[in-house]
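Hi,

Have a look and tell me what you think.

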Amino acid sequence: MVSTQPILSATGLTMEFRGFLAVKDVTLSVNEGTIHALIGPNGAGKTTVFNLLTKFLTPTRGQITFKGSDITGLKPAEVARLGLVRSFQISAVFPHLTVLDNVRVALQRPSGLATQFWRSSNALSALDERAMELIDAVNLSSYRNLTASELSYGRKRALEIATTLALDPAMLLLDEPMAGMGHEDIGRISDLIRRIAKNRTVLMVEHNLNVVADLCDRVTVLARGEILSDGSYDKVSQDPRVREAYMGTEHE
Amino acid sequence: MAVGTQYLAEQPKLRTSSLVLGAIAIAAMLAAPFFFYPVMLMSVLCFALFACAFNLLIGYVGLLSFGHAAFFGGAAYFTAHAAKVWGWDPLAAILLGVAGAAVMGLIIGFVAIRRQGIYFAMITLALSQMFAFICLQAPFTHGEDGIQGVPRGYLLGFIDLNQPLTMYYVTLAIFLFGFFAIWRIVNSPFGNILKAIRENEKRAVSLGYRVDRYKLGAFVMSAALAGMAGGTKAIVFQFATLTDVQWQMSGEVILMTLLGGIGTMVGPIVGAGLVIALQNYLAASDFPVTVLIGIIFVICVLLFRRGIVGEILELMRRKGKSAS
């Protein structure tokens, strides 16, 4: 499944906030079918890059290509419709909706039910079967009637992934999917990501280097808004500049 | 805006009891004109529908419009003009008011929807004041006089609306139609997406929803229903004046909704009933109504922020939780 064909690529991506260069000339390409990690010390601009790639921010300069077409000028909802779907650093669920409803919201648009204001919401039960499959896949079936706000942190992340998968995206961008999780949850989410990446591409921001080493095919290191190093985990972790950037901030 | 989330996790048990309550309420509304002054009741119904339409926007989308008077009062002018000058059937005249309010909602909403929070409120206020100024100047609205002496006419050509009881039941039917339309919208697949947008807008965008279109859709629906209330009011009271388009009216509907309970289905009705009843019974006394309503408003904000119905529902929810 791992190919050398880039599904997402960015060239010369630059983001300037009132004179502050958050992202400098970042050129990045993610190959189809890989799990690609974006790592770097705090404030390196990882989340900004994510926001640029999913169009939640518009780059000052640079170009983004997804599946061969230029998406630089698109709006975030359009990018999602093309199959490039993201998660957020702070878990993005609909807190007062049930687990089942959370997933159904994602299924509503592709099934054409989202704009029907004259029908009863009972019509949404047509989506229950598919929603339960997705909920099963992340081991949340016994929580389906709880509201999302009642779930533990790790389960919220799992729910978020189930919701994202409901769109059947070609590519997922996961922003720190394991931030703030315990060992058990990390193992579970790692397995989940490995499973969903079988026929998809994943780009993830992650701080836990053990997870990155274990899970990712390729690593891009970002520091102060610039790409420091790019390649396999082994290659990148040997890079003296990376060691300096990381040790410098991680062990202060 | 953290408003009214209690209805989201509705228990099935609540459904049967709300059906029973609904039946009792409808029976009470059918009997009401034999106990109360019908004109006041019709006034309550018009304002209750107006408040429910407003609540559709603030309670279920989280958008505070400070310009809803434009739709209410605008529709009143359209309906009054069609009924008086063109001699239209009252139903057709009201429908024209609804359509006019919807078009205005599309225009005002299109401009305002890109902004959030206080900016959204300010833009709706500014645009509705512009409309109020047009109403003051335009020849067909007759400036300070307004359109007076609108004939109630014959509904569908044969139902004589000059009979107070008939007028009351027609108003009630329009109110119930509007109320159920709102209930349907809120509990529809579309309403589900509105809730999702209010809960977490960014997430809705990342799932591919063009949230501005959903908000605009809700805005137009809210405007059209506010127009239905305004058009009906013009037929009931047989006039359309500047009072209905000015910002005070936008403020009044906010007060009614807040008092009754934002984000609850019946809250706005209770709020409208309370405000109209107070205005009616105190109109004859020397006590200034605005002062009393101001005091009630302050008490509401300080003591029961969910509004009357909102607090009752919260109490029932807590009780239900401790019982189970």
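A quick definition before the details: helices (H or I, at least four residues) and strands (E, at least two) are DSSP runs, numbered from the N terminus. Keep in mind that this is a predicted model, where local features need pLDDT of at least 70 and side-chain atom pairs count only at pLDDT 80 or more, while totals for chains, interfaces and linings use all residues. Residues are numbered from 1 along each chain as its sequence is written, chains are lettered from A and ligands numbered from 1 in the order in which they are written, and side-chain values use heavy atoms, with hydrogens and water left out.

On to chain B. Thr264(B) sits in the loop between helix H10 (247-260) and helix H11 (267-282) of chain B. Is Thr264(B) buried or exposed? Its relative accessible area is 2%, so Thr264(B) is buried (under 20% relative accessible area, 1.4 Å probe, protein chains only).

Now the interface. Here 24 residues of chain B are in contact with 34 residues of chain A (heavy atoms within 4.5 Å). There is one salt bridge between the two chains (a side-chain nitrogen of Lys or Arg within 4 Å of a carboxyl oxygen of Asp or Glu). A salt bridge joins the side chains of Arg210(B) and Glu78(A), at 2.8 Å, N to O. Helices H6 (164-186), H7 (189-199), H8 (201-206) and H9 (211-237) of chain B each give two or more residues to the side that touches chain A. The largest share, six residues, comes from H7(B).

Cheers

Note on methods
Buried < 20%, exposed > 50% of the residue type's maximum accessible area, 1.4 Å probe, protein only.
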